[in-house]
Amino acid sequence: MRGAFANDLHTEHHEVRLKQQDLIDFLPKMVALQDEPIGDPVCVPLYYVSKLARDNGVTVCQLGEGADELFWGYPNWKRALAMQNLSARWPVPKRIAPGRTVGPASVQPA
């Protein structure tokens, strides 16, 4: 069944409704698939979206992972940018003491 949105865009939309037991049954497989310890619950819907795509003949699928970095989902990214902008306004001075410069010119032969 195609909804109004799919009709307007001339696309096919698919839906999977998961039950709690689906998630519980998936946990052992998730551990095997992850290849590293991870505590992000997004792994579950990501797996089911990928599986749905593959079951419908899609071999390459781009998902929305990573948008938090672009749209400031993490406070640390904001702090890092603020620090970067601050350092650009006040660059490290080239002279560290009267008469001494930083860099090759300050190296004296032994």
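Contact here means heavy atoms within 4.5 Å of each other. The legends below describe a predicted model, in which local features need pLDDT of at least 70 and side-chain atom pairs count only at pLDDT 80 or more, while totals for chains, interfaces and linings use all residues. Residues are numbered from 1 along each chain as its sequence is written, and side-chain values use heavy atoms, with hydrogens and water left out.

View 1. Helices (H or I, at least four residues) and strands (E, at least two) are DSSP runs, numbered from the N terminus. Read from the N terminus on, the elements follow the order α-α-α-α-α-β-β. Of the 110 residues in the protein, 7% are buried, where buried means under 20% relative accessible area, exposed means over 50%, and partly exposed lies in between (1.4 Å probe, protein chains only). Among contacts between residues at least 6 apart in sequence, 19% join residues at least 24 apart.

**View 2. Helix α2 packs against helix α3.** Two packed helices are described by the angle between their axes and the distance between the axes. For α2 (residues 20-34) and α3 (residues 43-55), the angle is about 90 degrees and the axes are 10 Å apart; axes are lines fitted to C-alpha atoms, for helices over the stretch in contact, and angles run from 0 to 180 degrees between N-to-C directions. The two helices are therefore roughly perpendicular to each other, a description used for angles of 65 to 115 degrees, whereas those under 35 count as roughly parallel, those over 145 as roughly antiparallel and the rest as oblique. On the α2 side, Asp22, Leu23, Phe26, Lys29, Met30, Leu33 and Gln34 take part, and they meet Cys43, Val44, Tyr47 and Tyr48 of α3. By class, this contact comprises eight nonpolar, one polar and two charged residues (Ala, Val, Leu, Ile, Met, Phe, Trp, Tyr, Cys and Pro count as nonpolar, Asp, Glu, Lys and Arg as charged, and the others, Gly among them, as polar).

**View 3. Phe26, Tyr47 and Tyr48 form one aromatic cluster.** Rings of Phe, Tyr and Trp (its six-membered ring) pair if their centres lie within 6.5 Å, and planes under 30 degrees apart count as stacked, over 60 as edge-to-face and the rest as tilted. Three aromatic pairs are found in the whole structure. One of them is tilted, because the rings of Phe26 and Tyr48 have their planes at 55 degrees, with centres 5.5 Å apart. This pair links distant parts of the chain, as Phe26 belongs to helix α2 and Tyr48 to helix α3, 22 residues apart.

**View 4. The structure holds two salt bridges.** A salt bridge is a side-chain nitrogen of Lys or Arg within 4 Å of a carboxyl oxygen of Asp or Glu. In one of them, the side chains of Arg17 and Glu15 meet at 2.8 Å, N to O; Arg17 is exposed at 69%, and Glu15 is exposed at 60% relative accessibility. Lys51 forms a salt bridge with Asp55, their closest N and O atoms being 2.8 Å apart. Both of these residues lie in helix α3, four residues apart, about one turn of the helix. Lys51 is partly exposed at 35% relative accessibility, whereas Asp55 is exposed at 53%.
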